[in-house]
Amino acid sequence: MEIKLVRYNPRQDKADLEALIADFQYRLDQLGEKVDLDKFSKEIDQRSKSLINRNSIVLAKDGDSLVGAGFFTIWTDFLGNQHCLIHDVVTRKENAFKNGIEEMILRELFNYLKKTMKIDKIGLWALKRDSNFQSVLMKLKIKKNTELDYYEHYL
């Protein structure tokens, strides 16, 4: 089937999104992170209250099956500067890189941030041992910061 990108609909997609996050735990274990599904559910419910934040959650579907999701967080520092962090793209398919699911989701997030949110600089974290995600970033021509394992991209 063909992968298509859609916006998050809390009435239709909430259970599938929570199941995707639960299935993604294997990947988070590799990175040394844990997910608290209750906190995740509360955060998604909070973001769903605002149309702008709800539309910022990009889902990849293969037919009716949810195979990927992309998220970002925007915050303002104490100096009043706005920052945007794009989180790891959550995927279910083992061959997600081969099918370009991560790349499609990231490109859609970039477009949304640039056109709707008017943000021109984003940040991404990638661990040195996470070669798949680094390959996606290289494919998108996103350069690594020389000091940190932190990637920045100007839209």
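**Strands, helices and cores**

Guide: Gladly! Strand β3 (residues 65-70) and β6 run antiparallel and are joined by 2 bridges. This is a predicted model, where local features need pLDDT of at least 70, side-chain atom pairs count only at pLDDT 80 or more, and totals for chains, interfaces and linings use all residues. Residues are numbered from 1 along each chain as its sequence is written, and side-chain values use heavy atoms, leaving out hydrogens and water.

Visitor: Why are β3 and β6 called paired?

Guide: Two strands pair if DSSP finds at least two bridges between them. β3 and β6 have 2 bridges, so they count as paired. As for the word strand, it is a DSSP run (E, at least two residues), while a helix is a run of H or I, at least four, both numbered from the N terminus.

Visitor: What makes β1 and β6 edge strands?

Guide: The open sheet has the order β1-β2-β3-β6, and β1 (3-7) and β6 (90-91) each pair on one side only.

Visitor: Which residues does Ile86 touch?

Guide: Contact means heavy atoms within 4.5 Å. Not counting residues up to four places away in sequence, Ile86 touches several residues, including Phe71, Leu106 and Ile122.

Visitor: What makes a set of residues a nonpolar core?

Guide: Its members are buried Ala, Val, Leu, Ile, Met, Phe, Trp, Tyr and Cys residues joined through side-chain atoms within 4.5 Å; buried means under 20% relative accessible area (1.4 Å probe, protein chains only). The largest such core has 25 residues, and α6 gives the most, with 7 residues. A second, separate core of 13 residues includes Ile21 and Val90.

Methods
Buried means under 20% relative accessible area, exposed over 50%, partly exposed in between (1.4 Å probe, protein chains only).
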